[in-house]
Amino acid sequence: MDKKILNLLNKWKENNLITNSTYQEIVEFESNSSPTQKSKVAKAITLIGSLFLLSGLLGTLPLIWDNLTYWAQLLLLVVTTVFLIYEANYSEKFEDKNIFIFKSSERVSSVLFLISTISFGSVIVFSLNIINNTTEFSLSEDIQILIVSFMVLIYSLYMYSRTKQIFQHVALFYSSIFFLGSVGNIIFPNIEPWAGGLFLIATGLIWGLYTFNKILGPSWLGYLLSTSTISIGSIILIENLFGNNNLIKIILLIIGSVIFVWASIQLSEQVIFYIGGLGLVINLPRLITELLPDNIWPPLILFLVGGVLVAVGLYLNSIRENLKN
């Protein structure tokens, strides 16, 4: 039985939150549902063996890859992908909460599913190359990229809807950008760099809205991907639109960081605050240096502004505590 659960039960029992009979029933249930030592050993051996197989494959692959025919290379990728999916499904059945460097069996399966996504994309790439080289069909490079991105997006979407795990969320996000980017490249082949920044901003905003509406999770990861993408897109957009006007660029970036900090307070999400705070830490000194070049004032001004903000924050917090009391 897990020690944390047992400690909680003892604490609840001591404080008369549960009866003795309920305590005994929970202990008996947890003891019977916990995996046996033999089960743990068998699963650990299976996982270690799988890791050895993967490491052996990765070590041998470069040595034999060039000697394999294209069909054999494709078959090897297919087998690897199927093996990864099987291992990920098997690891989901682990009842152990901690498995070596992983915090949970779900994290193990999430990593394996992520690797299988990459392997699946390689299978699609090789399949398209074989079609191009052995048939009369001749697909352009843009169309091939579109097909690969679409197939990987479908695979990532299925895996995320099935697992709801962190790495599947990341895979879904970047495969979505990959697919939408490939579509945009076909529709607008001569797109301006600033439009790429606008695309990233729009994608980040949409991802943030889906996260806010609890369609995507966990929320901290959704907001991290959203805000970081919006930040990168904003930098690209501002750099291309305002050229050498550093003052306007810095002011706009500071305004964006302030908006992030405000949004973090409204949504109670620390990750948005970190992105906004980082933007302020980077751009406020740049603004002061731009306004007061070759001057000793910038560090002192930052010191004074920081002191004022800390004082205001403490004052507002004291008011809040007094209202609560």
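**Figure 1. Lining of the largest pocket in the predicted model.** The lining comprises 18 nonpolar residues, 12 polar residues and no charged residue (nonpolar: Ala, Val, Leu, Ile, Met, Phe, Trp, Tyr, Cys and Pro; charged: Asp, Glu, Lys and Arg; polar: the others, Gly among them). The volume of the largest pocket is about 710 Å³. A pocket is an open set of points on a 1 Å grid over the protein atoms alone where a 1.4 Å probe fits, with protein on both sides within 12 Å along at least five of seven lines, and lining residues have an atom within 4 Å of a point. Points are joined across faces, edges and corners, and the volume is the space filled by probe spheres set on them. Of the 30 lining residues, Thr 227, Ile 230, Ser 231, Gly 256 and Phe 260 are the closest to the pocket centre. Two or more lining residues come from each of α8 (193-212), α9 (219-242), α10 (246-267) and α11 (270-291), the largest share being the 10 residues of α10. Helices are DSSP runs of H or I with at least four residues, numbered from the N terminus. This is a predicted model, in which local features need pLDDT of at least 70 and side-chain atom pairs pLDDT 80 or more, while totals for chains, interfaces and linings use all residues. Residues are numbered from 1 along each chain as its sequence is written, and side-chain values use heavy atoms, without hydrogens and water.

**Figure 2. Helix α10 and its surroundings.** The 22 residues of α10 reach 31 Å from first to last C-alpha, close to the expected 32 Å (1.5 Å times one less than the number of residues). Its buried residues (under 20% relative accessible area, 1.4 Å probe, protein chains only) include Lys 249, Ser 257 and Phe 260. The buried residues of α10 pack against α9 and α11. Just after α10, Ser 268 has a positive phi of about 55°.

**Figure 3. The largest nonpolar core.** This core has 12 residues, among them Leu 84, Phe 113, Leu 128 and Val 148; a nonpolar core joins buried Ala, Val, Leu, Ile, Met, Phe, Trp, Tyr and Cys residues through side-chain atoms within 4.5 Å. At least two core residues are supplied by each of α4 (70-91), α5 (105-134) and α6 (141-163), and the largest share, six residues, comes from α5. A second, separate core of 10 residues includes Leu 153, Leu 172, Phe 179 and Leu 216.

**Figure 4. Surroundings of Gln 144.** Gln 144 lies in helix α6 and counts as buried because its relative accessibility is 16%. Beyond residues up to four places away in sequence, Gln 144 touches Leu 128, Asn 129, Asn 132 and Leu 139 (contact: heavy atoms within 4.5 Å).

Note on methods: Buried means under 20% relative accessible area, exposed over 50%, partly exposed in between (1.4 Å probe, protein chains only).
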